[in-house]
Amino acid sequence: MIEELQKIQTEAQQELSSVKDASALEQWRIKFLSRQGLLPKTLEGMKDVPKEQRPEVGKISNQVKSTLQSAFDDKKEDLEAGSDEDQSFDPTMPGAPVRQGSLHVLTQVQDRMIQIFRRMGFALAEGPEIETEYNNFDALNTPEDHPARNEQDTFYVKLPDHPVEGRHLLRTHTSTVQIRTMKTQKPPIQIIAPGRCYRRDEIDATHGVYFHQMEGLLVDEGVSLSDLKGVLEYFFHEFLGPDTLVRFRPHFFPFTEPSFEVDFSKPGLKIRGKEWTEIAGCGLVDPAVFSAVDIDPQAYSGFAFGMGIERMAMIIHEIPDLRLFSENDIRFLKQFA
């Protein structure tokens, strides 16, 4: 009987090696392992084996049965894996499209603004978003009772064990970069300072708790209002088109004197039904600001300006709602890809 069992094992293994599909495997199982298969039929002869030989025959029969069952399971697993792979991969099908990202529309507008100012010789300057109250207000000639310094308008933060004394806040403008630059560099100075700023505002179509700003500063001997006017007119003509009209309206800012609001008008373009739209603020640097950063106001003069990057993007792309820039709606963002 031992020889018969070994013969069945050899025959079964040979035939299993040639099985190529699930149907052939099932036929192999029926032939060798089913109730009417060769192995079970042979094991029925155990009752005729002499008593002294039964332990040895029983051991071998279990080995053969285990070997063939394991071989069957392995073959079935291989066939199923091959079947799944064949069904999931079709080399004739086109590849899955890969989405390609792009710069955010605000980044695109900011980069374009930087390029125009760089052609006029302005260098790029940066500073931290968490600032000292001195750099944000005091050095910019902002009085202590100014509404912007109220906690209802500005985000103040606590920085324990900070080496710089005084209160800290999320900067309300990038004029702080101008202060830092003038503290560390001697004139002539010609910089632009783009960056994120923060203010306590009710969120609506034109206001948010943060915004992006582009500020500029030029300090040298003999800088005049005509220099400021020439720089801004050139920028807006390059950015908005050569047919853009620019006008300056007297205004007040603590850090410039005289100060102006800048409006623009463009033929065929009316924003909220108005021909003229405010777009920037500017002025000649107040002597008190120069004194705060140890620059002699008798020897040097300069001008500063600032404008919102979101506002510029809303104008050139005719975007009606400020909130669209931060909602991350792919349907909106992909229009500018």
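1. Helices (H or I, at least four residues) and strands (E, at least two) are runs assigned by DSSP and numbered from the N terminus. Strand S8 spans residues 256-265 and contains proline 258. The peptide bond from glutamate 257 to proline 258 is cis, with omega near 0°.

2. This is a predicted model, in which local features need pLDDT of at least 70, side-chain atom pairs count only at pLDDT 80 or more, and totals for chains, interfaces and linings use all residues. Residues are numbered from 1 along each chain as its sequence is written, and side-chain values use heavy atoms, with hydrogens and water left out.

3. Proline 188 lies in the loop between helix H7 (175-184) and strand S5 (189-198). Most peptide bonds are trans.

4. Three strands form an open sheet in the order S2-S4-S3, with antiparallel pairing; two strands pair if DSSP finds at least two bridges between them. Strands S2 (130-132) and S3 (156-157) are the edge strands, since each pairs on one side only. S3 and S4 (residues 168-170) are joined by two bridges, and tyrosine 156 has leucine 169 in S4 as its bridge partner.

5. Asparagine 141, although not a glycine, has a positive phi of about 65°. This residue sits in the loop between helix H6 (133-136) and S3. Its relative accessibility is 33%, so asparagine 141 counts as partly exposed (buried is under 20% relative accessible area, exposed over 50%, partly exposed in between; 1.4 Å probe, protein chains only).

6. Asparagine 328 also has a positive phi, of about 60°, and is placed in the loop between helix H10 (309-317) and helix H11 (330-333). Asparagine 328 counts as exposed because its relative accessibility is 54%.
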